[in-house]
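These are my notebook entries on one structure. I set down what I looked up, entry by entry.

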Amino acid sequence: AVFLITPGRSGTKSLVDLCKKSSTMYSVHAPLPWLASTGYAYHQGSLSAEAAFSAFYAARESYLKSAFERNIIFFDGDCKNLPLSPVIAEMMPNSKFLHVVRNPTAFIKSGLARGYYLKKSPEMWGHLSAPIELDSQIEKVAFFWNEANVIAESMKASFGRERVQTIIADEMFASQELIVSGFDAIGLSHVFHERPVGPL
């Protein structure tokens, strides 16, 4: 299976839509049930890795089973898996990850416009809980962007770049070849039945 490491608002739906069209993977943008509350609890330290993975697997078992029966790769495009990514990597040693990172200024503007940390509960929406000393909405959204990328960089160090690769969202929009290169780097060059080019 392939998973995204991202706080969202980074073109992930477009990425998954491209993979639906151009690859042999079983690609789903937001498989249900969402795991926002599970990831939030794990990030807060109130849920063990084993319990978090059990909740994750129960939520994704039907997707994984369907992909297995069809002998294809399951591509899970849910950004709410973010805090669970290290646990998934540990418990599923054949899993791969694409870290999608957007320019922080653009991400923060998008998060502010969508009401992150103001109108939308972090627990319900998978926005990692910010330290109590951060008061303003903009500080909390900036923390969320940074924490997502800290998780990704830590995973690169722990699991290696053959399992975790970064794609710059802003560059991804300009050239779909960057997406293909990301999959190539984690050993999945064979999943595309057509090699998309040009802007996303």
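What covers the buried residues of helix 7? I began with the conventions: this is a predicted model, in which local features need pLDDT of at least 70 and side-chain atom pairs count only at pLDDT 80 or more, while totals for chains, interfaces and linings use all residues. Residues are numbered from 1 along each chain as its sequence is written, and side-chain values use heavy atoms, with hydrogens and water left out.

**Entry: helix 7**

I found that the cover includes strand 1 (2-5), strand 4 (96-101) and strand 5 (164-168), together with helix 2 (36-44), helix 4 (85-91) and helix 5 (104-113). Here helices (H or I, at least four residues) and strands (E, at least two) are DSSP runs, numbered from the N terminus. Buried means under 20% relative accessible area, exposed over 50%, and partly exposed in between (1.4 Å probe, protein chains only). The buried residues of helix 7 include Phe143, Trp145, Glu147, Asn149, Met155 and Lys156. Helix 7 (residues 137-159) has 23 residues and spans 33 Å between its first and last C-alpha, close to the 33 Å expected; the expected span is 1.5 Å times one less than the number of residues. Just after helix 7, I noted a positive phi of about 90° at Gly160.

**Entry: the cores**

I then looked up nonpolar cores, each a set of buried Ala, Val, Leu, Ile, Met, Phe, Trp, Tyr and Cys residues joined through side-chain atoms within 4.5 Å. The largest has 37 residues, of which Ile5, Phe56, Phe97 and Met155 touch the most other members. Helix 7 gives the largest share of this core, nine residues. For Ile5 I listed contacts (heavy atoms within 4.5 Å); beyond four places in sequence, they include Phe97, Ala148, Ile151, Ala152 and Met155. A second, separate core of 21 residues includes Ile167, Ala169, Ile186 and Val191.

Is Cys19 buried or exposed? I recorded Cys19, in helix 1, as buried, with a relative accessible area of 0%. Cys19 touches Met25, Ser27, Phe75, Phe183 and Phe192, leaving out residues up to four places away. The C-alpha atoms of Cys19 and Phe192 are separated by 7.8 Å, although the two lie 173 residues apart along the chain.

Ser23 sits in the loop between helix 1 (12-22) and strand 2 (26-28). I recorded Ser23 as buried too, at a relative accessible area of 5%. Its side chain reaches the backbone nitrogen of Met25 at 3.2 Å. Beyond four places in sequence, Ser23 is in contact with Leu18, Val191, Phe192 and His193.

Methods: Polar contact = N/O pair within 3.5 Å; in protein donor to acceptor, adjacent residues only side chain to side chain.
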